[in-house]
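Please keep the sequence and the structure in view while reading.

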Amino acid sequence: MSTEIGTRVRRKEDYRFLTGLGTYTDDIVRPGQTFAYFVRSPHAHAKIKSVDTADAMAARGVLGIFTVADLEEDKIGGLICGWTVTDRHGEPMKAPAHPALAKDRVRYVGAPTICRIFTSILRSRRAHTTRSGSKGAAKRAPSRRRPRS
Amino acid sequence: MGKVSMTVNGKAVSADVEPRTLLVEYIREHLRLTGTHVGCDTTQCGACTVHVDGQAMKSCTMLAVQAEGADIVTIEGLAKDGKLHPMQAAFKEHHGLQCGFCTPGMVMAGIDIRRRHPKADEKTVRHELEGNICRCTGYHNIVKAIMNAEV
């Protein structure tokens, strides 16, 4: 044990990271793998009047769509606070509801509103960067990927 | 769809791709060479840096069809028979990486920096690394690795 102190310790992971052989989540390929793409709010604060999933389903390669209604139906709760702290009176902090997908209202630019499941990552990018075709909610949302072509 | 042919890591490859396919998409999704990373997709982070005819290029910035006929080298093409390229070895020696996500781009950029500035000093290396972002190391050891690589 003591022989380790003061000596260099070689990292075991360097070879794979240096040769491009690391496996980050974006690198994983499984048979039948699908890809989730979140449609995000372009607005800093807005009410959601309606969600037209039919339009969002129309894009090529879309397998399905999840909205907050689906999460509620499946009794999937909101995002939880990792740990709560108490205030100086010992009262627990207030942890407001934080649905994983926006419910009724978005409160920041980039708030996830809809989750679309695609057959391929390229399809998901294309569907979110193509302006032609149907006028779904997805088309109005800002996309993570913007083609520079 | 359009046909595109190029050499990647010494191997001739060709495929039918949509004209808007980015070079990085071709490398990652078609060739499944996932060592080239997409960090920002907006040409800021440099994680997607590859060599196009010997020059460091951000592969999210060019179309696959623009690389027609080009000689591409990715991070997977540097080590020969399990032996690290001197730049890779220098990153290992100088602890120039932690999580490794930016590393492929850093190594590819580093090789090009030393090609253009064989005796690059610290100021030059730091300036040249403007287009490569690392969120772990604080750059100090990356700069040391690039300066000291025995290329």
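## The nonpolar core and its surroundings

In this predicted model, the largest nonpolar core has 50 residues, and the members that touch the most others are B:Leu23, B:Ala64, B:Val107 and B:Ile146. Two or more residues each come from α1 (14-18) of chain A and, in chain B, from β1 (2-8), α1 (23-30), β4 (55-58), β5 (71-73), α2 (86-93), α3 (103-116) and α5 (140-148). The largest contribution is that of α3(B), which gives six residues. Because domain 1 (2-76) and domain 2 (86-148) of chain B both give residues to this core, the core lies between them.

## Helix α3 of chain B

With 14 residues, α3(B) reaches 20 Å from its first C-alpha to its last, close to the 20 Å expected at 1.5 Å a residue. This helix is mostly covered, as 11 of its 14 residues are buried; among them are B:Met106, B:Val107, B:Met108, B:Ile111 and B:Ile113, together with the charged-type residue B:Arg114. The elements that cover the buried residues of α3(B) include α1 of chain A and, from chain B, β3 (49-52), β4, α2, α4 (122-128) and α5.

## Where the chains meet

Between the chains, 17 residues of chain A are in contact with 25 residues of chain B. On the side of chain B that touches chain A, at least two residues are supplied by each of α1, α2 and α3 of chain B. The table divides that side by residue class.

| Class | Residues on the side of chain B that touches chain A |
|---|---|
| Nonpolar | 11 residues |
| Polar | eight residues |

## Chain A as a whole

Chain A contains five helices and five strands, which follow one another along the sequence in the pattern α-β-β-α-β-α-β-β-α-α. Of its 149 residues, 21% count as buried. Among the contacts in chain A with a separation of 6 or more, 71% are accounted for by residues 24 or more positions apart.

Definitions and conventions:
Residues are numbered from 1 along each chain as its sequence is written. Chains are lettered from A and ligands numbered from 1 in the order in which they are written. This is a predicted model: local features need pLDDT of at least 70, side-chain atom pairs count only at pLDDT 80 or more; totals for chains, interfaces and linings use all residues. A nonpolar core is a set of buried Ala, Val, Leu, Ile, Met, Phe, Trp, Tyr and Cys residues joined through C-beta atoms within 7 Å. A residue is buried if 20 or more other C-beta atoms lie within 10 Å of its own, exposed if 12 or fewer, and partly exposed in between; C-beta atoms are placed from the backbone. Helices (H or I, at least four residues) and strands (E, at least two) are DSSP runs, numbered from the N terminus. Domain bounds come from an automatic or database domain assignment. Two residues are in contact if their C-beta atoms, placed from the backbone, lie within 7 Å. The expected span of a helix is 1.5 Å times one less than its number of residues.
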